[in-house]
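The following paragraphs lead the reader through selected residues of one structure. Please keep the sequence and the three-dimensional view at hand while reading.

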Amino acid sequence: MKYEAIICFETHAELKIRTKLFCNCAVTTDAEPNTHICPVCTGQPGALPVLNRSAVEFCIKAGLALHCRINPNSRFARKNYFYPDLPKGYQISQYELPLCEEGYLSVAGEDDNPYPVGIKRIHLEEDAGKLVHSSDSLETADYSLADYNRAGVPLIEIVADHERNPLHSVEQAKDYLQKIQQILRYIEVSDAGIEKGQFRCDVNISLRRRNSPEFGNRVELKNMTSFKFISEALEYEIKRQSKILDAGKTIAQETRLFDEAKKITRPMRSKEDAPDYRYFPDPDLLAVSIPEKLLEDIRQGIPELPDQRIKSLVGKYGIGLNDAIVLTKDRDAADYFEECLNYTSDARRLVRWLTVELFGLLNAASLSLAECAVRPRQLAALVNLLSVGKRSDNIGKSVLAEMLEKGGEPEELIKQKGLQSIQDAGILEKLVDDVIAENSEIAEIIRQGSLKPVDFLMGQVMKKSKGQADPQMVRKMITRKLKV
């Protein structure tokens with residue numbers, strides 16, 4: 001390709017806090033319109049904002065998790081623009097002195113080596129309200145209604161750095177966003193649900209000739225609602241801007257929207273720069289000073305983050321890298337796994353029964369791990385029964401499904417369902433003899449020294465016994481009878 005993409009995100013995450021940024025109104029998502037508002041969050045004359053301390057601490061926590069420098073002193077500014085969902089006519093944000101600056105987040109670079117994407121700043125700001133249109137399409141709407149329940153909800157904005165290791169590909173961009181979301185959930189500062197509007201992204205993208213130090217005009221893509229649409233919009237923009245540059249024309253600096261149905265972007269308005277917002281320090285809010293003791297307390301409260309935890313799980317328990325990546329996608333899953341290991345030492349078998357069997361049942365039932373009736377001790381007990389070879393996998397699957405539906409201990413459920421392992425030598429001998437007789441050609445291959453088909457014969461015995469034959473006894477009988 002002749003051109004190099006420069007991709008940066010302005011990512012807004014709603015903080016997991018009960019009250020708004022500058023007042024005591026509750027943060028809510030499902031209340032009746034305009035039922036959680038007050039003179040402060042609607043900008044009534046004479047109302048004064050009071051800063052939410054928890055929001056400051058959460059912003060600092062995110063900054064530390066993303067390797068930022070925390071400014072000991074910061075302040076709030078008024079960002080002036082006029083839109084019906086902004087009741088004050090300005091947004092309280094941070095401009096010259098944000099809480100966090102100069103961080104990074106590692107994503108997969110060339111040859112899968114870590115690539116530290118620059119993060120310019122992380123700052124606190126209040127959310128705007130929400131417009132509800134009379135029609136699904138803004139162009140055909142007869143009127144719009146303003147709901148200010150969301151006005152004043154605390155947000156952090158994570159601004160990537162277009163000069164210090166920007167993103168260059170759609171794959172990197174997706175990786176970056178997913179890791180940001182994952183980290184915010186790990187440190188419990190945001191639920192970061194993109195489908196719920198708790199995690200929103202504006203994308204800045206420009207192209208420049210490869211090896212050129214000059215940046216091209218950037219286009220901002222607004223109101224992106226899913227990782228899939230972000231990827232599709234970026235792919236479209238790279239092609240669109242490449243054609244314009246190939247024709248010798250200039251990219252217009254503008255804001256565009258992504259048409260999710262047509263998979264194209266279309267113009268929204270010319271792109272604003274900082275001077276257009278006429279920032280100035282908010283006269284109603286004092287500067288914020290961060291004591292070193294508070295900073296250290298927040299730092300001590302940060303858990304082991306995903307990249308560190310992957311290395312820890314692989315090193316401590318000897319599981320595969322891919323398994324560790326699956327487990328660490330969600331902090332609850334990694335915690336559940338490690339709690340299970342207080343009751344079983346078979347880490348590799350546990351990985352399979354957690355990530356494949358239990359997660360599969362949970363997905364089918366539309367349940368989260370937090371709603372799972374199978375506690376770590378109980379799953380570990382089931383794994384232990386399977387590890388010693390006293391129960392088959394088929395019995396294990398049946399019991400696990402019962403445990404998820406009704407709860408209970410695996411050993412007791414096995415007895416209740418009549419799934420005890422068949423260990424009667426006479427019964428097993430008859431089953432093995434029947435299977436060998438029905439599969440004489442395979443039995444002959446085993447007699448000639450190939451052990452691989454033993455698993456096939458074992459499977460046939462298990463099938464005949466409805467999964468209740470003792471696997472260890474069956475294997476010993478087959479190898480003894482076929483003299484291998």
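**A walk through the model**

Tyr 143 is placed in the loop between β8 (130-133) and β9 (144-147); strands here are DSSP runs of E with at least two residues, helices are runs of H or I with at least four, and both are numbered from the N terminus. The model is a predicted one, in which local features need pLDDT of at least 70 and side-chain atom pairs count only at pLDDT 80 or more, whereas totals for chains, interfaces and linings use all residues. Residues are numbered from 1 along each chain as its sequence is written, and side-chain values use heavy atoms, with hydrogens and water left out.

With a relative accessibility of 48%, Tyr 143 is partly exposed, the class between buried (under 20% relative accessible area) and exposed (over 50%), for a 1.4 Å probe and protein chains only. Together with Val 132 and Leu 145, Tyr 143 makes a nonpolar surface patch of about 300 Å².

Another loop, between α2 (170-186) and β11 (199-209), holds Lys 196. Lys 196 is exposed, at 62% relative accessible area. Its C-alpha atom is separated by 9.1 Å from that of Thr 225, a residue 29 places away along the chain.

Arg 78, by contrast, belongs to strand β4 (residues 77-80) and is buried, its relative accessible area being 13%. The side chain of Arg 78 is joined to that of Asp 282 by a polar contact of 3.0 Å, that is, a pair of N or O atoms within 3.5 Å, one able to donate a hydrogen and the other to accept it, where residues adjacent in sequence count only if both atoms are side-chain atoms. Leaving aside residues up to four places away in sequence, Arg 78 touches (heavy atoms within 4.5 Å) several residues, among them Tyr 90, Gln 91, Arg 278 and Phe 280.

The aromatic rings come next. Rings of Phe, Tyr and Trp (its six-membered ring) pair if their centres lie within 6.5 Å; planes under 30 degrees apart count as stacked, over 60 as edge-to-face and the rest as tilted. By this rule there are eight aromatic pairs. One of them, Phe 9 with Tyr 176, is stacked, at 5.7 Å centre to centre and 15° between the planes. This pair links distant parts of the chain, with Phe 9 in strand β1 (residues 3-14) and Tyr 176 in helix α2, 167 residues apart. Phe 9 is buried at 0% relative accessibility, and Tyr 176 is buried at 0%. The rings of Phe 199 and Phe 227 have centres 6.2 Å apart and planes at 75°, so this pair is edge-to-face.

Notes: Patch = residues over 30% accessible without salt bridge, like charges linked within 9 Å, V, L, I, M, F, W, Y side chains within 5 Å. Areas by Shrake-Rupley, 256 points an atom, 1.4 Å probe, with all protein chains shown as cover. Salt bridge = Lys/Arg side-chain N within 4 Å of Asp/Glu carboxyl O.
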